[in-house]
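Please look over the sequence and the model first, then read on.

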Amino acid sequence: MSCDPLPGADGTGRRAWVVFRGDAELWWLRLLRPGFRHCFAILNDGRYWVLVDPLAPFTDVEVLDLPAAYDLPGWFREKGMAVAPAPLRRGLTRPAPWAPFTCVEAVKRLLGLHAPGVLTPWQLYRRLGAAAAV
């Protein structure tokens, strides 16, 4: 099954960041690195801010009522969260590798990041940091 891409779906003009949080409502998330127990994505297409937050019971998707020029990544940093810019990869033809559905896997799929060894928010943060240094 094939779908026509949405306008701007090639990534032109669209920017993404991944936000990492340290709080953990689920007990087993406390086993993960402090400060990196959950992640979600924010996107800006030059007109709108969109938040995609893959939670355990559901995925929250919100178009935020903010000016496009607002520094939303900076706002999350001021709240003490780590924020990493992330490339949007489009035009991929191979399916992403199989992995359990977690916040990390949901964000990787949103970004188009095929990284089977990246399983935790801390690993994703390090991977995005390495990509930003290139």
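Which side chain of opposite charge is nearest to Arg37, and how far away is it? The answer is given below under the heading for that residue. The model is a predicted one.

## Overall layout

The protein contains three helices and five strands. Starting at the N terminus, these elements follow one another as β-β-β-β-α-β-α-α.

Of the 134 residues in the protein, 36% are buried. The exposed surface comes to about 8,700 Å², and 58% of that surface is supplied by carbon and sulfur atoms. Among the contacts between residues at least 6 apart in sequence, 46% join residues at least 24 apart.

## The sheet

The five strands form an open sheet in the order E4-E3-E2-E1-E5, and the pairing is antiparallel. At the edges are strand E4 (59-64) and strand E5 (82-86), each of which pairs on one side only. On average, neighbouring strands of the sheet are turned by 20° against each other, with direction ignored. In general, the strands of a sheet pair through backbone hydrogen bonds, in either a parallel or an antiparallel way.

Strand E1 (residues 15-21) is joined to strand E2 (residues 38-44) by seven bridges, and the two run antiparallel. One of these pairs Arg15 with Asn44 in E2. E1 also pairs with E5, again in the antiparallel sense, over five bridges. In that pairing, Ala16 stands opposite Ala86 of E5. Although E5 is an edge strand, four of its five residues are buried, so E5 is largely enclosed by the rest of the structure.

## Helix H2 against the sheet

Helix H2 (residues 103-111) lies across E1, E2, strand E3 (49-54) and E5. The helix runs at about 25° to E2.

Val104 is one of the residues in helix H2. Is Val104 buried or exposed? With a relative accessible area of 1%, Val104 is buried, because buried means under 20%. Apart from its neighbours within four places in sequence, Val104 is in contact with Cys39, Val118, Leu119, Thr120, Pro121 and Leu124. Tyr125 is 21 residues from Val104 in sequence, and the C-alpha atoms of these two residues are 9.9 Å apart in space.

## Arg37

Arg37 is found in the loop between E1 and E2. Here is the answer to the opening question: the nearest side chain of opposite charge is that of Asp23, 8.1 Å away. Arg37 is buried and yet has no salt bridge. The distance to Asp23 is 8.1 Å, whereas a salt bridge needs the nitrogen within 4 Å of the carboxyl oxygen.

Leaving out residues up to four places away in sequence, Arg37 touches Arg21, Gly22, Asp23, Ala24, Leu29, Arg30, Leu32 and Pro121.

## Salt bridges

How many salt bridges does a search of the whole structure find? The search finds four. One of them joins the side chains of Asp23 and Arg21, at 2.9 Å from N to O. Both partners count as partly exposed: Asp23 has a relative accessible area of 42%, and Arg21 stands at 22%. Asp23 and Arg21 are also both on the list of residues that Arg37 touches.

Another salt bridge links the side chains of Arg47 and Asp45, at 3.5 Å from N to O. Here Arg47 counts as exposed at 57% relative accessibility, while Asp45 is partly exposed at 30%.

Arg109 is partly exposed, with 45% relative accessibility, but Glu105 is buried, with a relative accessible area of 6%. Through salt bridges that share partners, Glu105, Lys108 and Arg109 are joined into one network.

Notes. Residues are numbered from 1 along each chain as its sequence is written. This is a predicted model: local features need pLDDT of at least 70, side-chain atom pairs count only at pLDDT 80 or more; totals for chains, interfaces and linings use all residues. Side-chain values use heavy atoms; hydrogens and water are left out. Two strands pair if DSSP finds at least two bridges between them. Axes are lines fitted to C-alpha atoms, for helices over the stretch in contact, and angles run from 0 to 180 degrees between N-to-C directions. Contact means heavy atoms within 4.5 Å. Buried means under 20% relative accessible area, exposed over 50%, partly exposed in between (1.4 Å probe, protein chains only). Accessible areas come from the Shrake-Rupley method with a 1.4 Å probe; for residues, only the protein chains shown count as cover. Lys and Arg count as positive and Asp and Glu as negative; His and the chain ends are not counted.
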